Amino acid sequence: RRVHGSSSLLQSSEELTDASQRSVSKQCLSVVFSARKRKALINSVTCKNIKVIMATSALQMKTQVRKHYSSAVSTSSSVEHMTQATKITEEKSSSVESFSMVSRSVEIPAGESIPEFMVKPQPLTAPEGDKAIFRAKVTGNPKPSVTWKRESGLPLKEGSKVFFDSINKEYVLKLENLTGGDADLYKCIVSNRHADIIYTVSLVLTEGHEKMDFKKMLKKRGLPTPKKVKKVIDEKEMLEILSDVPKKDFEKVCMEYGFTDFRGLLKKLKEMKKKEVEMIKILKPLEDVSAKADSTAIFDCILELRDANVKMMWLKGDEPLRLQYCLGKYETKQIGTKFLLYIASVNKADIGAYSFVIGDKVLSANLHVIDEPLQFLSDLKPMKVNERQTAVLEIRLSKKVSNFVWKLNGKELKRDDKYEIITSEDGLTHTLKIKDARLSDMGKVSFEGGGLLTETELFIQRTPIKFVRNLKNVRVKEKSKACLECELTSKDVVLKWMKNGKVIGKSQKFTMIHEGKTAELIIDDTELSDSGEYMVVATQESDPTEYYSSCNVTVEERFATVKSGLSDVQAATGDPAELCVVLNDEKVEGVWLKDGKEITDMRGIQIVKQGAVHKLIIDKMGEEYEGKYTFRAKGAESEATVSTADPPFIDPSFLEALAAHPITVKAGQTALIKVPFKAKPLPKVTWFKDGIEVTEEKRVTLERSHDQAMLTITKCMREDTGNIMLRLKSDCGSATAQLFLNVIDKPKPPQGKVEFLETSGKCIKMKWKAPKDNGGKQVTHFIIERR
């Protein structure tokens, strides 16, 4: 609320009941101002706006002008509160700060803490229309949450911004365009699961002044306004004003407000100050503590503080406790309003008086240490454990001992992998663990320490061997692997394997594995004869009993099917050839046959098996390897043919001779053209004349044998002359032969008529055109006849 005017209390401190006065230090103060006297305060007090805080704790006000109000008490819920304090400072306008805490945890785990302000919000004074920004930086574990509220219970104004400044690590409340309704107390509430801390600050608004033109202000200069005499009607108001005035100015201030009895006012002011509430209230003082030696002693007291920043210190005698360098000897805690001092592992040196100095208060108490005689709180008891287990023996003493020893059959035990010696954190419980107990560990175990001795017997029992997993019946196909496996309860056993009652040893077929508690027999490359009953027999030292587990192994005949069969193969002479078949089972074996006979040792042939793939490889193909090949296995068979596949080949020297010497025949005769070749299989033979395929007709005959091709032309004519080409083609390749066929005949007569170029008595000169066809040979001469 924003209040204009002077204030008067509706109830004086004398009118409060005793019950109300006792609760003033624990609950909030409520100050109510009279509306009737508001106008007088405007004339008498320079401040235009005063904010009054209502806190959940005792109120302590430290200002330049000190004020004290008594008020009626408003009760709150029964939540446990920590010490709370309120600090008010006033400069040109009143500003308010208060702090309060609500605790939820009686004890706080190590590594965690209640929330704490690293940077507290500050009270603000701002003119109307301006903006106000509250900032707070907090810490705590678990990470606390931060909320902003108004003391009056009204919601934050519309348009206000609440955000976290990630750069400065601050929580911010921003109010813009301030109006009179925004003047209030604003609470920053920081919470985690251990406590809520509340810091309340005021927002005071001042009336805005319109900016005036400087020239207009120069024109309006006049005589200064005479000072008005300040008047205060109520003596209580005067006492409030004087409470903030230095003694040297009492008379001057009294004259300003029209009071002449300043000595009487001074006397009443002193009486009023005596009624101020104590800064520190002791709810529970320190009390004497008695603790057993080597235990932890705890001093505690309960206080209510008006100032959370009051100095405090723990003393032993007249010396302060050095908490930072005590190596965990001393520890102080504050839980709500409770203050505690822990003293660990107390002994006679810790006996004495301890004091807690807080402000001007000193609380003291004595520590007494009870030193009882050493005795066993629990003795060793006889113990039975099974072999290979861990034997645990434990005793408890009434107090710590510095020197002690464990013994087994009179021999001192040292800490190692076999023996584990443990002492509890309080030093009272001692434990001996004998790991992997064996028969040699059986005997008398004793503990000696502090002049005391206790002993007991340790019994080690042999554990019967049991099969955690028995052998299981196995059914496999021949040529595969059979695995028999079992697991026992002990690893220190002797094993032997038997087949059909006979002991079997380690061999290329049988592999025996014993690792830890697992035993395994592997039968490689099983055969039908490996079927039978198998047994594993286990024995242990100092135990005549034989422990066994058995199973049956059945080996079934393996059959296969062809996954990818053989294909016919053709290969050129001298080239490699390969047959390949793929079965569905890589364990199945097979045999190769050629023309019905098994191939055992044939030079130039390799037989290869790669898993389920079976291959027959011929290094260099020849006529001796041609034939029908068969692969045969149990349940599977495949066959294919291997043959030579040579591309057509014509002797290059023969081709050169054809090209150099054309075939010449006379007209009417028969032309026989033979071209020898090599090819397997036989190629297709095609003849061409001048690029046109030659076909059989009346005069033309085409023939082919296994090693030559023949073209026969009977009754040759001059038109049969031309370029002859032979083409041999097969799947393996092709070959061609080029030759020229020349049919010789009479030349044709010259073309056209004879022309006479000159005729005279001495000579006749004539010319004629060459014949169209010279008959297949060069014309040597012409015969001229006169007809």
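**A hairpin, a sheet and a loop**

Mentor: Strands β55 and β56 make a hairpin, with three residues between them. This is a predicted model, where local features need pLDDT of at least 70, side-chain atom pairs count only at pLDDT 80 or more, and totals for chains, interfaces and linings use all residues. Residues are numbered from 1 along each chain as its sequence is written, and side-chain values use heavy atoms, leaving out hydrogens and water.

β55 covers residues 700-704 and β56 covers 708-713; five bridges join them in the antiparallel sense. Strands are DSSP runs (E, at least two residues; helices are H or I, at least four), numbered from the N terminus. Two strands pair if DSSP finds at least two bridges between them.

Now a sheet. Its four strands run in the order β13-β15-β19-β18, open and antiparallel. β13 (280-284) and β18 (330-335) are the edges, each pairing on one side only. β18 is joined to antiparallel β19 (residues 338-343) by six bridges. There, E331 has Y342 in β19 as its bridge partner.

Last, a loop. S480 sits between β32 (474-477) and β33 (482-488). Is S480 buried or exposed? S480 is buried, because its relative accessible area is 13%; buried means under 20%, exposed over 50%, partly exposed in between (1.4 Å probe, protein chains only). Beyond neighbours within four places in sequence, S480 is in contact with I523, D524, D525, T526, R558 and K587. Contact means heavy atoms within 4.5 Å.
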